[in-house]
Amino acid sequence: MKSKMSECIFCKIAKGEIPADFVYRDETVFVIRDITPQAPAHFLVIPTRHVASAAEVADLAIWAAVMGRATEVARSLGFTDGYRMVINTGVQSGQTVPHLHLHLLSGRVFGWPPG
Ligand code: 5GP
Ligand code: ZN
């Protein structure tokens, strides 16, 4: 999944060119509220560096940053009844933004299998 970084929504959010509701930020990763929440709590954990999808990850340290931050946010926000982490990857998965992001969802019961 190719994309131009200059046109990428999440790169623009990282640079402050598009506003977002940030709940965490460091050099490597940031966490924002999803603009169209699919659960009472719906956050996106996003690496600052542009990587088009999970399939494009070369530096495995990205996974430590993204997964580690997701579990830290879940812990700090008290998602003690459980949560779901989703990484849509590629066209058939439903990925719509071609910049790697992990959905962190909580606050309701989730069905299985996923749709
Ligand atoms: P995907 O479908 O690629 O897995 O997820 C993309 C997510 O990004 C969607 O849940 C969508 O609501 C969210 N999103 C798209 N544009 C924006 C935006 O400008 N701001 C925020 N906060 N979320 C966005
Ligand atoms: Zn990007």
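Mentor: Let us begin with serine 106, which is buried at a relative accessible area of 5%, where buried means under 20%, exposed over 50% and partly exposed in between, as found with a 1.4 Å probe on protein chains only. Before we go further, please keep in mind that this is a predicted model, in which local features need pLDDT of at least 70 and side-chain atom pairs count only at pLDDT 80 or more, while totals for chains, interfaces and linings use all residues. Residues are numbered from 1 along each chain as its sequence is written, chains are lettered from A and ligands numbered from 1 in the order in which they are written, and side-chain values use heavy atoms, with hydrogens and water left out.

Serine 106 belongs to strand S5; helices (H or I, at least four residues) and strands (E, at least two) are DSSP runs, numbered from the N terminus. From serine 106 to glutamine 38 there are 68 residues in sequence, yet their C-alpha atoms are 9.2 Å apart in space.

To find a pocket, a 1 Å grid is laid over the protein atoms alone, and a pocket is an open set of points where a 1.4 Å probe fits, with protein on both sides within 12 Å along at least five of seven lines; a lining residue has an atom within 4 Å of a point. The largest pocket holds about 740 Å³ of space, a volume being the space filled by probe spheres set on the grid points, which are joined across faces, edges and corners. Two or more lining residues come from each of H1, S2, S3, strand S4 (83-86) and strand S5 (102-106), and H1 gives the most, with 3 residues. Sorted by class, the lining has 16 nonpolar, 12 polar and 5 charged residues, where Ala, Val, Leu, Ile, Met, Phe, Trp, Tyr, Cys and Pro count as nonpolar, Asp, Glu, Lys and Arg as charged, and the others, Gly among them, as polar.

We can now turn to the metal. For comparison, the ideal angle for four tetrahedral donors is 109.5 degrees.

Arginine 49 forms a salt bridge with aspartate 59, their closest N and O atoms lying 3.2 Å apart; a salt bridge is a side-chain nitrogen of Lys or Arg within 4 Å of a carboxyl oxygen of Asp or Glu. Arginine 49 and aspartate 59 are both in the loop between strand S3 (41-47) and helix H2 (61-76), so the pair ties together parts that are 10 residues apart in sequence. Arginine 49 counts as exposed at 51% relative accessibility, whereas aspartate 59 is partly exposed at 34%.

A search of the whole structure finds 4 salt bridges, and another of them joins arginine 33 to aspartate 21, with the closest N and O atoms 3.1 Å apart. This pair also links distant parts of the chain, with arginine 33 in strand S2 (residues 29-33) and aspartate 21 in the loop between helix H1 (9-14) and strand S1 (22-25), 12 residues apart. Arginine 33 is partly exposed at 42%, and aspartate 21 is partly exposed at 41%.
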